[in-house]
Amino acid sequence: MNEHSAGGDPSVPGGRWYDSDAGPLVRPYAMTGGRTKPGPGNVRFDLIALVVVDDDPPGPAEESLLGPEHRSLLALCRAETQSVAELAADADLPVGVVRVLLGDLLESGFVRVSRPVPPARLPDERILREVIDGLRAL
């Protein structure tokens with residue numbers, strides 16, 4: 001195989017693109033099967049939504065059917081509860097890809113997602129200031 005054969009020259013049809021440090025390049029659409037939205041229910045994952053491994057996840061046989069990116073996200077969730085944004089950063093994947101993969105994991109019962117508190121349910125700023133002033137007075 002010479003230097004211009006399909007083994008490594010990206011200008012040749014069938015050639016491979018390589019990053020010298022990262023190895024073969026996998027396009028995001030390949031990780032998600034071309035999907036851009038998570039699951040059939042189009043679940044919306046906020047960046048600050050917390051993801052945890054389900055208390056009763058499917059067994060190792062089902063997990064072995066998952067792709068490497070799915071398994072990587074599961075491993076990160078097992079280490080600690082993380083937000084969608086943290087998972088994307090730690091897995092070095094685009095947020096859109098992580099949302100699609102998390103949709104798969106949620107639908108399969110591997111993870112649970114806790115939604116962030118809506119702003120309407122957060123305490124009023126005036127109440128928080130009164131609490132802080134009260135603590136300072138102690």
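Helix α4 crosses helix α5 in a right-handed sense. This is a predicted model. Helix α4 also meets helix α3, and that crossing is right-handed too. Two packed helices are described by the angle between their axes and the distance between the axes. Both pairs are set out that way below.

**α4 with α5**

- The axes of α4 and helix α5 (residues 95-108) come within 9 Å.
- Their crossing angle is roughly 110°.
- Angles of 65 to 115 degrees count as roughly perpendicular, so α4 and α5 are roughly perpendicular to each other.
- On the α4 side, the contact is made by V84, L87 and A88.
- On the α5 side, V95, V98, R99 and L102 make the contact.
- By class, this contact has six nonpolar residues, one charged residue and no polar ones.

**α3 with α4**

- Helix α3 covers residues 68-79, and helix α4 covers residues 84-91.
- Their axes come within 10 Å and cross at roughly 120°.
- That angle makes α3 oblique to α4.
- From α3, the contact draws on S72, L73, L76 and C77.
- From α4, the contact draws on L87, D90 and A91.
- The residues of this contact divide into five nonpolar, one polar and one charged.

**The α4 residue in both contacts**

- L87 of α4 takes part in the contact with α5, and L87 is also listed in the contact with α3.

Notes: Residues numbered from 1 in each chain as written. Predicted model: local features only at pLDDT ≥ 70, side-chain atom pairs only at ≥ 80, totals over all residues. Heavy atoms only, no water. Axes fitted to C-alpha atoms, helices over the stretch in contact; angles between N-to-C directions. Helix = DSSP H or I, 4+ residues; strand = E, 2+ residues; numbered from the N terminus. Parallel < 35°, antiparallel > 145°, perpendicular 65-115°, else oblique. Left-handed = near helix turned anticlockwise from the far one by under 90°. Contact = heavy atoms within 4.5 Å. Nonpolar A, V, L, I, M, F, W, Y, C, P; charged D, E, K, R; others polar.
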